[in-house]
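Please look over the sequence and the three-dimensional model below, with attention to charged and aromatic side chains.

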Amino acid sequence: MQKKSKQKLVVIGNGMAGIAAVENILALKGDLDITVFGAEPYVNYNRILLSDILSGKTHPEATYLNAREWYDKNGIRLFVDTKIMAIHPEVKTVQDDEGRMTPYDQLLIATGSHAFIPPIKGVEKRGVFPYRNMEDTERIIAYSKQCRRVAVIGGGLLGLEAGRALVQRGLNVTIFHLVDRLMELQLDDESGLILKKEIERLGMTVHLNHSAVEMIGEGSVEGVAFSNGKAYEADMVVISTGIRPNVELAKNAGIHTRRGIIVNDQMETSHSGIYAVGECVEHRGKTYGIVAPLYEQAKVAAHTILGKPSKTYEGSMVSATLKVAGIDLVSIGNYMGNGAGCESLVYSDRGISLYKKVVLQGNRVVGAILLGDIHDSGRFHQYIKNQTDVTLFRKTLLSGDADKKSAGPAILEDEDTICGCMGVNKKTIVEAIQEHEVTTRQGVGEKTKACTSCKSCGPLIDQILQEVLGGEYVPVTEKSGEFCPCFTLSRKELVDQIRSLKLKAVSEVLTRLGNGSGCAYCKPGLSYLLSEIWMERHREERNARFINDRVHANIQKDGTFSVVPRIYGGVTSPSELRRIADVAEKYHVPMVKITGGQRIDLLGVKKEELPLIWADLGMPSGHAYAKAIRTVKTCVGTEFCRFGVQDSTSLGIAMEKLFEGLYTPHKIKMAVSGCPRNCAESYVKDIGIVAIQTGWEIYVGGAAGMTVRKGDLLVAVKTDEEAFRAVTLFLQYYREEGYYLERTYDFVVRIGIEKIKQELLDPESARPAELMDHFKLAKEAVVDPWKTESEKPVHPYQFKELVADG
């Protein structure tokens with residue numbers, strides 16, 4: 001008996017909608033012969049993340065949703081950079097731009113949309129770009145390298161995201177918008193006003209009621225003229241003024257179109273066997289330019305194509321999220337309250353840029369705007385979907401306190417879309433939690449792609465985790481990762497931008513990436529960050545440092561300072577002690593004290609005497625004032641102790657000499673104990689080494705201050721050289737990955753000791769060699785500040801008068 005040949009499905013469009021339909025077909029075990037044509041030269045990518053590429057936050061490959069291997073694995077023939085020129089419904093073939101004819105039994109059109117370019121004179125000039133896809137993004141990035149001033153035409157979602165991304169590339173950005181408020185399709189007047197203030201806070205200039213009429217310049221754009229008679233200089237212009245569905249291909253084939261390709265509730269077009277999904281579609285008179293509806297359409301289309309038309313598409317609730325770091329904004333449903341019987345509940349606080357609006361119709365939520373705090377967006381989505389009667393908790397609807405108690409958590413069904421950006425429903429998330437034993441938002445994201453774009457679905461994912469795991473689920477408060485409120489970037493994003501823009505001074509970073517002024521927290525933090533990134537080869541700005549770092553001594557409550565010379569391993573000599581005593585008498589030092597780290601502290605020193613004391617001591621700085629390597633405490637080890645099994649004193653002295661002068665996110669205290677009796681208290685140091693019969697155990701992340709914690713065992717080694725290497729790797733890893741003012745005991749808990757072991761000890765990892773190279777470069781740049789600045793102060797008044805902190 002001859003085997004029946006597979007039905008041929010041709011998909012025109014390799015974007016998010018078309019491939020979502022294919023993924024649904026595969027999930028339904030559809031046995032089809034699938035061919036996909038994509039006009040762009042890429043595999044399927046996440047268009048939502050274009051602004052991250054534009055800002056330099058991520059690279060194009062990181063946005064790919066399906067690698068080439070995925071197509072091959074599923075037997076899908078993929079043609080990229082191939083445009084379909086004609087559909088021939090009468091013979092069921094499509095013709096591509098190379099003249100090839102490909103037959104189909106069923107055809108899915110997912111041609112998406114294109115950027116609308118207004119009829120502006122000179123729009124063809126060099127330096128004028130649309131902003132819609134990956135190619136546009138890459139062209140803008142390339143051209144921006146020669147520019148300083150950018151005009152963004154269009155203050156909608158994409159225009160604002162583009163503007164912020166270009167600011168992060170160090171450009172001066174001005175947004176020009178046609179009407180009297182930004183994002184007028186998603187916001188009302190009040191929220192538009194607050195958004196304008198927030199956009200300007202992020203470094204952009206905004207001009208409303210500006211209609212561009214001409215691009216000025218000879219060959220290349222040099223400025224933009226507007227209908228109100230004003231003109232502004234610009235080296236580059238980015239146009240983001242909306243989209244138009246790509247319908248020409250379908251229209252030329254005789255398929256019914258208006259604004260989009262007309263489809264019914266099964267996603268069928270006017271021609272049998274031809275379906276359409278995505279931004280090219282018009283359904284019940286509406287077109288959609290956001291992602292969530294496309295995924296809903298894709299599911300219905302997959303069922304229809306496979307002859308399982310149980311699902312129908314009845315339209316989507318429109319929800320828009322602005323993906324600009326530092327601004328939380330969601331607009332849902334009928335936010336303007338259009339229609340009979342609509343009323344609005346509003347809370348507005350312009351001072352803190354907080355705005356909440358809920359639109360009710362018959363005591364049921366039909367729309368909402370949340371600006372400044374979007375944690376309740378999932379709750380309002382569900383109220384709209386479930387048509388919840390909110391009469392009993394209407395008084396607290398905006399605060400959410402009582403209604404959560406009255407109505408309980410939003411009831412989520414298996415097919416409810418939880419992540420609109422990636423089209424992930426509750427059932428998919430539950431299956432991932434159960435099958436892969438994930439317990440965090442991040443884990444859910446890795447398995448399902450949910451919560452990997454705008455992340456506003458995070459609270460709903462927490463709710464699902466709680467439902468599935470019950471008492472086993474302990475929500476972990478996720479750090480925003482924000483470096484400081486003076487920035488809208490996380491530490492990682494800030495580091496990437498500093499490297500990309502080659503910024504080497506605190507003032508440059510604050511001007512290009514921050515709020516321009518900084519604060520008492522972030523300026524010292526940036527000073528450290530720059531020194532670590534550029535291996536001490538940055539441009540030092542002393543006014544960004546804390547007073548201790550400016551004068552290399554620890555300020556006391558009476559305005560005097562303490563001086564702690566370095567005594568390697570806590571081992572001194574009569575000569576050193578004599579010098580310390582002579583200095584204390586000569587300068588009438590009020591107190592001489594033995595510290596807990598086996599050092600000698602001279603307390604009550606006047607500021608103007610600091611360089612004189614350093615010169616007379618002739619000893620290096622102990623860095624007791626700095627976020628740096630401080631002491632290596634030791635016991636007497638094998639030389640005198642009856643119980644010592646290794647020479648802890650020699651190892652401690654060598655370690656202190658190896659690491660002295662290096663700055664770190666927070667102070668580092670170390671110890672070496674000659675036996676497990678732990679006389680040097682190694683278990684509770686940032687880095688502690690304990691001798692055993694066969695070598696050394698190395699512990700990290702210990703603490704004995706306000707926090708008491710035994711360090712985690714990093715590794716056991718046999719030789720001193722192996723111990724030096726392990727400690728160096730951990731220290732440099734902490735220097736590069738630790739947050740400023742984060743002690744090692746918090747760092748180790750945050751990263752996890754197993755992850756640290758994997759990063760530092762895996763013989764297959766390239767990270768250890770990289771860390772060792774970085775350490776050597778940083779060490780080469782170390783100087784003793786007591787020696788260099790006692791001989792040559794940074795400026796004439798460095799030690800003349802007390803500079804108040806801040």
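Which residue forms a salt bridge with R767, and how far apart are the closest N and O atoms? The partner of R767 is E736, and the closest N and O atoms of this salt bridge are 3.4 Å apart. R767 lies in helix 25 (residues 767–780) and E736 in helix 22, so the pair ties together parts that are 31 residues apart in sequence. Both R767 and E736 are buried, where buried stands for under 20% relative accessible area, exposed for over 50%, and partly exposed for values in between, with a 1.4 Å probe and protein chains only. Through salt bridges that share partners, E736, E737, E759, R767 and E770 are joined into one network.

The model is predicted, so local features need pLDDT of at least 70 and side-chain atom pairs count only at pLDDT 80 or more, while totals for chains, interfaces and linings use all residues. Residues are numbered from 1 along each chain as its sequence is written, and side-chain values use heavy atoms, with hydrogens and water left out.

**Salt bridges**

A salt bridge is here a side-chain nitrogen of Lys or Arg within 4 Å of a carboxyl oxygen of Asp or Glu, and the structure holds 37 of them.

| Salt bridge | Closest N and O atoms |
|---|---|
| R394 with E343 | 3.0 Å |
| R767 with E736 | 3.4 Å |
| D373 with K356 | 3.9 Å |

In the salt bridge of R394 with E343, R394 sits in the loop between helix 9 (377–386) and helix 10 (401–407) while E343 belongs to strand 23 (residues 342–349), so parts 51 residues apart in sequence are tied together. R394 is partly exposed, with a relative accessible area of 26%, and E343 is likewise partly exposed, at 34%. In the salt bridge of D373 with K356, distant parts of the chain are linked: D373 is in the loop between strand 25 (364–371) and helix 9, and K356 is in strand 24 (residues 354–361), 17 residues apart. D373 is partly exposed, with a relative accessible area of 25%, whereas K356, at 11%, counts as buried.

**Aromatic pairs**

Rings of Phe, Tyr and Trp (its six-membered ring) pair if their centres lie within 6.5 Å, and planes under 30 degrees apart count as stacked, over 60 as edge-to-face and the rest as tilted. A search of the whole structure finds 17 such pairs. In one of them, W70 and Y71 have ring centres 5.0 Å apart and planes at 80°, so the pair is edge-to-face; W70 and Y71 are both buried. F730 and F747 also form an edge-to-face pair, with 6.3 Å centre to centre and 65° between the planes. This pair links distant parts of the chain, with F730 in helix 22 (residues 720–737) and F747 in helix 23 (residues 744–751), 17 residues apart. F730 is buried, with a relative accessible area of 0%, and F747, at 0%, counts as buried too. One aromatic cluster is formed by F730, Y733, Y734 and F747.

**Loop residue H271**

H271 lies in the loop between strand 18 (261–263) and strand 19 (274–276), and H271 is partly exposed, with a relative accessible area of 24%. The C-alpha atoms of H271 and H256 are separated by 8.4 Å, the two residues being 15 residues apart along the chain. Helices (H or I, at least four residues) and strands (E, at least two) are DSSP runs numbered from the N terminus.
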